[in-house]
Amino acid sequence: MDRDDRDDPFGDFFEEIERMMNEMASGDAPSADDAGFGSDTHVDAYTTEESVRLVADLPAVEKEDLSLRCDGDALTISAVSDRREYDETVELPAPVDEHSADATFNNGVLEVAFDRDDDSASIDLV
């Protein structure tokens, strides 16, 4: 019995998988070195009533290569090494006091903690 591929809802899906497998086998796929840090980086944000903490995985980065900038609403993480360049801006889940930043970097894991800046102006009604 012949199969009618026109009614196969997974036909395109399997064709795409086969195309990707062929790229990997032939060496045409981008290598990990060409992908940049973004493909290897995972950033998590944690908030409490008093603070915001970001944790970023930065493989193949040395502490000396890191640069951090914060404007109170976003944190920009930049790194340049012999093998890669990385530049990512992460929107913070809450406004922070950028001057309160405390950062550590250990074994490719960056942790940055900020005090929350929920100092909104109150308006007096007259």
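Helices (H or I, at least four residues) and strands (E, at least two) are DSSP runs, numbered from the N terminus.

Arg-53 is partly exposed, at 33% relative accessible area, and Glu-111 is partly exposed at 31%. Buried denotes under 20% relative accessible area, exposed over 50%, and partly exposed in between (1.4 Å probe, protein chains only).

## Surroundings of Ser-78

Ser-78 is located in strand β4 (residues 74-80). This residue counts as buried because its relative accessibility is 13%. Leaving aside residues up to four places away in sequence, Ser-78 touches Asp-65, Leu-66, Ser-67, Arg-69, Tyr-86 and Asp-87 (heavy atoms within 4.5 Å).

The side chains of Ser-78 and Asp-87 are also joined by a polar contact of 2.6 Å. A polar contact is a pair of N or O atoms within 3.5 Å; within protein, one must be able to donate a hydrogen and the other to accept it, and residues adjacent in sequence count only if both atoms are side-chain atoms.

## Basis of the model

Residues are numbered from 1 along each chain as its sequence is written, and side-chain values use heavy atoms, with hydrogens and water left out. In this predicted model, local features need pLDDT of at least 70 and side-chain atom pairs count only at pLDDT 80 or more, whereas totals for chains, interfaces and linings use all residues.
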